[in-house]
Every structure is written in C-alpha cells, then in structure tokens.
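Please look over this structure with me before you read on. My notes follow as numbered points.

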Amino acid sequence: MSDTNVKETAEKKSSPKDIKVNTVEPKGMGVKKKRIVGAIVKNTVLAILAVIWLIPILWLFVSAFNVDPGINYAHFFPSKGWTFNNFIQLFHANSAVMYVRWFLNTLLIAFFSCIISTVFVLMVSYAFSCCRFEGRKGLMSLSMVINMFPGVLSMIAIYFIMKTIGLTESHVGMVVVYSAGSGLGYLIVKGFMDTIPASMREAAKMEGASELTVFLKVILPLCKPIVVYQIISSFLVPWGDFVFAKLMLGHDVKNFTIAIGLYGMLSKENLPRYFSQFCAGGILISIPISILFIIMQKYYVEGVTSGSTKG
Amino acid sequence: MGKTGVKEAARVKEPKKRKLLSESAFIRYFRDIGTAVSKGDAAVKLSMIIMGAGYVARKQVIKGILVTLVEALYILLLVVWAIPNLSKFSTLGTVQLQMVFDPATGKNVVNDYDNSFLILIFSIVALVLLAVFVLYYIHNLKAVYKIQLRAEQGRHINTFKEDLKSMVGDKFHITLLTLPSLGVILMNVLPLFVLVAIAFTNYDQQHMPPNALLDWVGFDNFKTLFSRGGLTVSFGYAFGKIVSWTFLWAFLATFTCFIGGILLAQLINSQGVKFKKMWRTLFIVTIAVPQFVTLLLVRNFFREDGIVNTLAANSGLIDFLKNIGLVKSSMNAIPFLSGRSVGWAKFMIVMINIWVGVPYQMLIATGVLMNAPQDQVESARIDGANKWQIFWKITMPYILVVQGPALITDFVRNINNFNVIYLLTQDLYTTQDMAMANSNAKEVDLLVTWLFRLTNEYYNYKMASVIGIIVFLICVAFTLVSYARMMRGGREEDYQL
C-alpha cells in the first residue's frame with residue numbers, strides 16, 4: 001500500500017539523524033515486547049469495534065434472506081428458513097413496491113445533481129481560495145451566513161417556489177432542489193485548496209497560463225482526493241434524503257425515489273408484510289454505492305499520498 | 001526570506017488599518033457614483049437612461065447592445081409583472097375567493113380573487129430582482145465612467161473578444177461564481193425571505209390561501225413563542241426544553257464523532273496494526289448502506305418488543321439493569337426509544353449517531369492525517385517528543401486548522417440533524433409530558449423536527465417560521481463568532497506559503 005510506503009521512507013530518512021541524537025531508537029528486547037503487546041491490544045480493540053459496527057449490517061443481511069416476510073422479534077437469525085425470494089419479489093413490481101423504477105429514478109437524480117453540485121462546489125472553492133478580488137471575504141462570510149439556514153426549515157417555502165415554477169412532482173425539480181444551492185458547501189474543498197502552495201499557481205501563470213488553465217490543469221489534479229470526497233457526498237444525498245422527496249414528489253408511487261419508497265415499506269401497515277423485502281432492497285441499493293466507494297477509496301488514498309508532493 | 005518579512009510586517013500593521021479601510025471602502029462606493037454622474041461626459045450621462053450608450057460611444061458595440069437588452073427586459077418585467085404584485089404587498093390582497101354566478105355561461109365560477117401567498121412570493125422575487133438590478137445599474141455606471149477615463153488617457157479599451165478572454169483571466173471569479181450564486185438565490189435566499197415574511201403573517205390552519213386571505217400581524221407570533229402558560233398551548237415551555245436539548249445534542253454529536261473518527265483513524269494507522277485496508281473497509285461498509293436504511297433498521301432493532309430486548313431478557317440483562325436502577329422495575333423491557341424514559345432515548349440517539357457518524361469522520365481524518373506535514377513531526381521526534389506529545393502538539397493543531405471549518409459546519413448541521421432524530425423517533429416515541437404534547441412537541445425533538453411537525457402535521461406555518469428564524473439567528477451567531485476567531489490574522493494562508 002502506498003501510504004505505508006511513504007511512512008517507511010520517512011522513517012528511513014530520519015534514521016541517520018536519530019543515531020546522532022540517540023534518544024528514540026528502540027533498544028533491546030523490552031521495547032520489542034512492548035510493541036508486540038501494543039499490537040495485540042490494538043488489533044483486539046479494532047476487532048471489537050468492528051463487530052459492534054457490523055452487527056446491524058449483519059442483521060440487515062440475514063433478515064433479507066428470511067422466509068418470514070415480517071420482522072423477527074425473537075431470533076437474530078431467521079428461524080423459519082432462508083430464501084432468496086425477497087430479492088426476486090423486488091423485481092416484480094406491484095402497486096406498493098416498484099423497486100426497479102425507484103432505483104432508476106434515484107440513479108438519474110443522483111447522477112445529475114452530483115455533477116452539478118461537484119462543479120458548483122469546485123468553482124466556488126477555487127474562486128474563494130485562489131482568486132483575490134474585492135469583496136471576497138465579505139462574500140465568504142455572507143455565504144457562510146446563508147448556509148446556516150437549514151433547507152429543512154425553508155422546505156415549505158421551497159415547495160411553494162418550485163410549485164410556482166411548475167417543478168413539483170418532477171425529477172428535474174429534485175435535481176434543482178439537491179444541487180442548486182450546493183455552492184454554499186465550499187468550506188471543506190476550499191480548506192483543502194488552501195493547503196496547496198500559492199507558488200504552484202504563480203509558476204503556471206508566469207508561463208502564461210490563464211486562470212482557467214491553472215484551475216483545470218494545476219489545481220484540480222491536486223484536489224483529486226477532495227473532489228472524490230465531494231462526488232461521494234453529493235451522490236449520496238438523493239439516496240438518503242426522504243424529506244424533500246416526500247414533500248416534492250407527491251403521492252404517485254411511480255415517481256418515488258428509493259428513499260421514500262423504502263420508507264413507505266416500513267409504515268405500520270406494511271411492516272409485517274414487507275420488512276424482509278425492505279432489507280433486501282436496502283442491500284441492493286448499497287451495491288452500486290459500495291462499488292463506487294471501493295473505486296473512490298482507491299482514488300482517495302492515491303490522491304492523498306500523491307498530494308504529499310505538494311509541500 | 002525577504003517576501004515573508006514583508007508579509008509579516010504587513011500583518012502587524014493590518015489590524016489598526018482594517019476598520020478604517022472597510023469604512024472608506026463603503027464611503028468610496030457612494031463617492032464613486034457621484035463622481036461618475038458629475039464628471040461623466042454626454043455618453044456616460046446617456047448611460048443613465050440607456051445603459052449601453054457609454055459602451056457604444058467607445059466602440060464596444062456588442063457589449064452596449066447586450067447591456068441595453070438586459071435593461072429593456074427588466075423594465076418590461078417590472079411593468080407587466082412586478083408592479084401589479086408589489087402594489088398588493090402591503091395588504092396581501094383584498095378579494096376573497098368566492099363562487100360567483102356567471103350570467104354568460106349560467107354556471108358558478110371562481111371570482112378574480114387575490115392569492116395572498118402568491119402575492120407574497122412574487123413580491124419578494126420582485127424585490128430581490130429590483131435589488132440586483134439597482135446594484136447592476138450602479139456597477140454599470142461606474143464601468144462606463146472608467147472607460148471614459150481610459151479613453152481620455154489614451155489607454156487601450158478592450159474589444160469584445162478581449163472582454164470575453166478576461167472572463168477566464170483576471171475576472172475568472174465572476175465566471176466561477178455566477179451560476180452557483182443564481183442557484184443559491186433560488187434555493188436559499190428566496191425561501192429565507194419568504195419564511196421571514198410568513199413569520200409576520202397569520203398563516204396557519206385557519207388561514208390557508210387561496211381559500212382565505214393572509215394578513216400581517218406584526219410581532220404577535222414571537223410573543224406567542226416566548227409567552228409562558230396560556231390556556232391551551234404553552235409554546236414557551238416546550239421551546240425552552242427543546243432549545244437546551246438541541247444544543248446538548250449538537251455538542252455531543254459533533255464532539256463524539258469528531259474525536260471518535262480521529263482516534264479510529266489513528267488507531268488504524270498506528271504501528272503494529274495489520275491489514276489496515278481491511279479494517280478501514282469494514283468500517284466503511286456501514287457508510288455504503290444509506291443512512292436512512294440503517295436508521296430505520298436500527299430503530300426496529302431496538303424496539304420495545306424487538307430483537308435486542310428479547311435477547312436482553314433471555315440473557316438476564318434486563319434484570320441486571322433493573323437491579324442497578326437503570327431500568328424502572330415496573331418495565332418489562334428496556335425503553336430504548338419508546339419515550340417511557342427520556343434519558344434512555346437521548347442516550348440511544350447519541351450512541352446510534354456515533355455508530356453512524358464515526359466511519360465518515362474516520363475516512364476524512366485518514367486523509368487529513370496523511371497530508372499532515374511530516375517534517376514538523378520528524379523534527380519533534382528528533383527533539384525527543386513522545387507520540388502523545390506529537391499527537392497533541394503537532395497533529396491535533398494541524399487537524400484543527402484543516403478541519404476547523406468542517407467542525408463548525410458539522411455543529412450547525414447537527415443542530416439541524418433532521419434525519420437521525422426524525423427517523424429514530426417518528427411514530428415510535430410518545431411523550432409522557434402533557435405540556436409538551438400540547439405544543440405538538442416531544443422531549444427528543446430538535447427545533448427542526450418540531451418545526452417540521454408543526455408544518456407537516458399541523459399546518460402551523462406562522463409558528464414554524466418564527467422557530468425557523470430563531471434557529472437561524474442562533475446558527476448565525478455561533479458561526480460568525482467562531483469563524484471570525486478562526487480567520488483572524490489570515491491564518492488561511494499559513495499553509496499556502
């Protein structure tokens with residue numbers, strides 16, 4: 001793994017100096033033993049934590065294979081037997097469960113709002129971090145203040161505004177709701193851009209690059225890890241949000257996103273009939289997200305370590 | 001070296017100068033308008049009526065035409081749409097919706113009524129547009145005058161092509177910020193204004209447009225919120241309780257997840273831990289399942305008749321908890337989220353939030369830790385600092401500088417953490433406190449979930465708006481104080497050098 005490599009080289013670099021000072025270099029068996037004990041303790045703690053974190057996920061998995069469609073109150077593992085049927089049922093659309101349709105709806109909304117949000121956030125971050133213009137600080141503080149106003153509070157107002165424009169009960173409207181105000185979430189990306197030395201931009205400009213070229217060719221490649229973070233987080237929004245979706249998409253089951261669709265499956269009337277299918281559905285949406293995550297994580301680690309050449 | 005010296009010197013002088021500068025910038029803004037009007041030539045003066053004239057006079061024909069078109073479009077909008085709405089803004093409409101007999105068709109039809117809510121929204125949109133236009137108008141006047149000065153001094157005046165080119169050069173920030181700003185105005189600024197306006201009206205279940213007209217009521221709704229007692233609804237009581245829990249929750253949720261994430265990242269990164277990637281992936285698996293799925297799942301996991309209680313009963317855990325007094329002896333199950341014990345519910349919510357939030361923070365902290373400047377750590381190690389000292393004196397300050405803004409955002413996001421609270425408690429938690437129930441509130445409610453219930457279930461828009469404004473003010477105050485402290489002395493450039 002590349003991050004351990006970096007650490008090893010860092011240690012190698014430091015070792016000649018250590019010999020001169022001769023304070024922290026491990027000596028003899030005592031230190032070695034201590035290290036082994038430490039490693040055992042650390043790995044055990046991690047194992048315990050991992051178990052705690054995975055128990056609900058495990059429950060999700062085993063419940064998805066439960067023959068009993070309702071929730072199992074007495075046993076952790078299915079008691080009446082295992083089946084794959086819950087997954088198959090999801091693909092047979094009925095009036096209450098239109099899983100495939102919901103999935104595609106959400107995918108579409110997530111795709112477009114993710115692109116728009118990421119572009120907006122990057123644009124705003126670059127402007128605030130790397131451009132110097134009159135009123136920059138004022139504008140930053142202003143957007144901080146506006147960002148403090150939570151969307152949930154103004155959702156009724158947003159609903160009425162969208163209705164006036166005619167974008168309720170439409171997926172375009174959902175994309176607008178999720179991405180239009182995303183420029184305000186610049187803080188994290190800007191914080192990352194702030195750590196990139198200004199000299200890199202200046203060097204590029206000396207060679208005649210325009211701001212646009214600097215943004216696209218110099219800064220963006222260095223920001224890869226944080227861009228990835230931004231993409232993940234904005235892609236996840238439509239999958240997790242149900243408040244706006246519920247409010248905006250009306251009562252037509254066809255239009256639902258996965259979130260409100262699955263939420264409806266756990267209502268009081270549906271819980272005994274659809275709990276196992278809910279679990280199966282929950283696992284299925286996790287699949288594209290986890291695949292994305294694995295790809296992203298690779299970029300994340302790589303990006304961050306390549307970013308170490310910045311300094 | 002020389003450069004940093006100069007920068008240092010500038011930084012020392014800055015604090016005294018700053019206030020003066022900002023004042024003079026404010027005054028200068030208006031003085032420049034005066035100068036442009038008084039010293040501008042005929043073309044500039046003509047620009048006060050036909051905005052593009054000043055450009056056309058200096059051979060910037062395309063720009064001139066474009067600017068004039070914008071002006072014409074705006075005036076058209078003003079006359080056709082904005083003025084009719086704004087004229088009704090002070091009364092919010094006077095004609096109630098009625099069915100009137102239409103002699104021509106012989107049927108009852110809806111009269112030409114005033115929709116108070118549309119008047120409200122449209123007026124606000126019109127006012128925002130008006131403000132934008134005034135700013136643009138002033139900017140345009142100054143720009144035209146500047147071009148006149150350039151022409152007089154015989155300096156180069158940009159062609160349209162060069163103007164376009166500067167949009168990716170020294171005016172790049174305008175190109176970058178335009179679209180995001182429009183989005184923010186649509187999604188954040190307008191709703192905010194609409195909400196502030198509603199707080200001063202009587203918009204509730206008895207007054208629902210278009211069937212009823214709205215009226216301005218001044219500060220009446222604010223008085224209702226802060227009043228104690230009252231015959232049926234005591235908002236003041238519920239408000240106090242919910243505010244204190246909101247803050248406690250926001251603090252606990254932010255703090256535990258932040259520290260937990262860093263510790264977990266450090267633990268996985270530390271020497272002697274094998275299979276780092278596997279551990280990381282195991283925790284990230286929990287993020288892969290969408291938050292609302294896990295929350296709905298966990299809430300069923302901890303039901304009073306749920307699986308955890310069954311297992312706890314079978315293993316004797318409930319009896320043990322009864323013995324040490326954590327569960328009342330009258331109960332036959334642990335009241336995790338049911339509302340029979342407020343303490344348990346609050347504890348569970350915080351714990352579940354840790355479960356949900358720590359993997360995210362771990363992921364972020366891992367990235368930040370890898371980026372930490374290694375040379376400082378090295379020199380500290382050479383000087384004989386131990387791991388704890390390095391962590392607290394070098395790594396933590398670095399994390400705080402990089403993560404500081406995110407931490408504030410997290411705190412504010414937790415004040416408004418709708419999902420966790422709503423999904424864990426809606427339809428499950430029932431309050432035992434009649435006074436809370438009278439105000440449609442629960443002990444575990446945050447201000448936002450209370451507000452949501454008021455709007456979504458009780459259509460009490462006026463009170464919800466008042467609460468919204470108060471939440472907003474709290475968040476703004478908190479953010480500005482901490483943000484100003486963090487940004488003082490231009491620390492954002494410390495790591496850019």
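1. Start with a term. A domain here is a stretch of chain whose bounds come from an automatic or database domain assignment. For chain A that assignment gives domain 1 (20-87) and domain 2 (94-310). Keep in mind that this is a predicted model.

2. Get to know chain A. Chain A has 14 helices and zero strands. Read from the N terminus, the order of elements is α-α-α-α-α-α-α-α-α-α-α-α-α-α. Of the 311 residues in chain A, 52% count as buried. Now consider contacts in chain A with a separation of 6 or more: 70% of them come from residues 24 or more positions apart.

3. Pick one residue to check. Is A:Ser179 buried or exposed? A:Ser179 has 2% relative accessibility, so A:Ser179 counts as buried, the cut-off being under 20%. A:Ser179 sits in helix α7 (residues 171-179) of chain A. Setting aside neighbours within four places in sequence, A:Ser179 touches A:Ser113, A:Ile116, A:Ser117 and A:Phe120.

4. Next, the two domains of chain A. Their centres, taken over C-alpha atoms, are 31 Å apart. The contact draws 13 residues from domain 1 of chain A and 11 residues from domain 2 of chain A. Together, domain 1 of chain A and domain 2 of chain A bury about 1000 Å², with 75% of that on carbon and sulfur atoms.

5. Between domain 1 of chain A and domain 2 of chain A, the count of salt bridges is zero. There are five residue pairs in polar contact between domain 1 of chain A and domain 2 of chain A (both at pLDDT 80 or more). On the domain 1 side, the elements that give two or more residues are α2 and α3 (85-90) of chain A. Of the elements there, α2(A) gives the most, with five residues. By class, the domain 1 side has eight nonpolar, four polar and one charged residues.

6. Turn to chain B. Its domain assignment gives domain 1 (40-199) and domain 2 (227-302 + 337-493). Note that domain 2 of chain B is listed as two segments. The contact takes five residues from domain 1 of chain B and seven residues from domain 2 of chain B. The centres of these two domains, over C-alpha atoms, are separated by 40 Å.

7. How much area do the domains of chain B bury between them? Domain 1 of chain B and domain 2 of chain B bury about 450 Å², 84% of it on carbon and sulfur atoms. B:Leu195, B:Ile198 and B:Ala199 supply 72% of the area that domain 1 of chain B buries against domain 2 of chain B, more than any other three residues. The touching residues on the domain 1 side divide into five nonpolar, no polar and no charged. Across this interface there are zero salt bridges. The rule also finds zero residue pairs in polar contact there (both at pLDDT 80 or more).

8. One residue of chain B deserves a look. B:Leu130 lies in helix α5 (residues 116-152) of chain B. At 33% relative accessibility, B:Leu130 counts as partly exposed. Beyond its neighbours within four places in sequence, B:Leu130 is in contact with B:Tyr74 and B:Leu78. B:Leu130 and B:Met167 are 37 residues apart in sequence, and their C-alpha atoms are 25 Å apart in space.

9. Finish with the interface of the two chains. Chain A gives 121 residues to the contact, and chain B gives 109 residues. Chain A and chain B bury about 9900 Å² between them, 74% of it on carbon and sulfur atoms. The rule finds one salt bridge across this interface. A:Glu134 forms a salt bridge with B:Arg28, with the closest N and O atoms 3.8 Å apart. Five residue pairs are in polar contact between chain A and chain B (both at pLDDT 80 or more). Helix α2 (residues 28-64) of chain A provides the largest share of the chain A side, 17 residues. By class, the chain A side has 82 nonpolar, 21 polar and 18 charged residues.

Methods: Residues are numbered from 1 along each chain as its sequence is written. Chains are lettered from A and ligands numbered from 1 in the order in which they are written. This is a predicted model: local features need pLDDT of at least 70, side-chain atom pairs count only at pLDDT 80 or more; totals for chains, interfaces and linings use all residues. Side-chain values use heavy atoms; hydrogens and water are left out. Helices (H or I, at least four residues) and strands (E, at least two) are DSSP runs, numbered from the N terminus. Buried means under 20% relative accessible area, exposed over 50%, partly exposed in between (1.4 Å probe, protein chains only). Contact means heavy atoms within 4.5 Å. Buried area is the accessible area (1.4 Å probe) that two parts lose on being put together, summed over both. A salt bridge is a side-chain nitrogen of Lys or Arg within 4 Å of a carboxyl oxygen of Asp or Glu. A polar contact is a pair of N or O atoms within 3.5 Å; within protein, one must be able to donate a hydrogen and the other to accept it, and residues adjacent in sequence count only if both atoms are side-chain atoms. Ala, Val, Leu, Ile, Met, Phe, Trp, Tyr, Cys and Pro count as nonpolar, Asp, Glu, Lys and Arg as charged, and the others, Gly among them, as polar.
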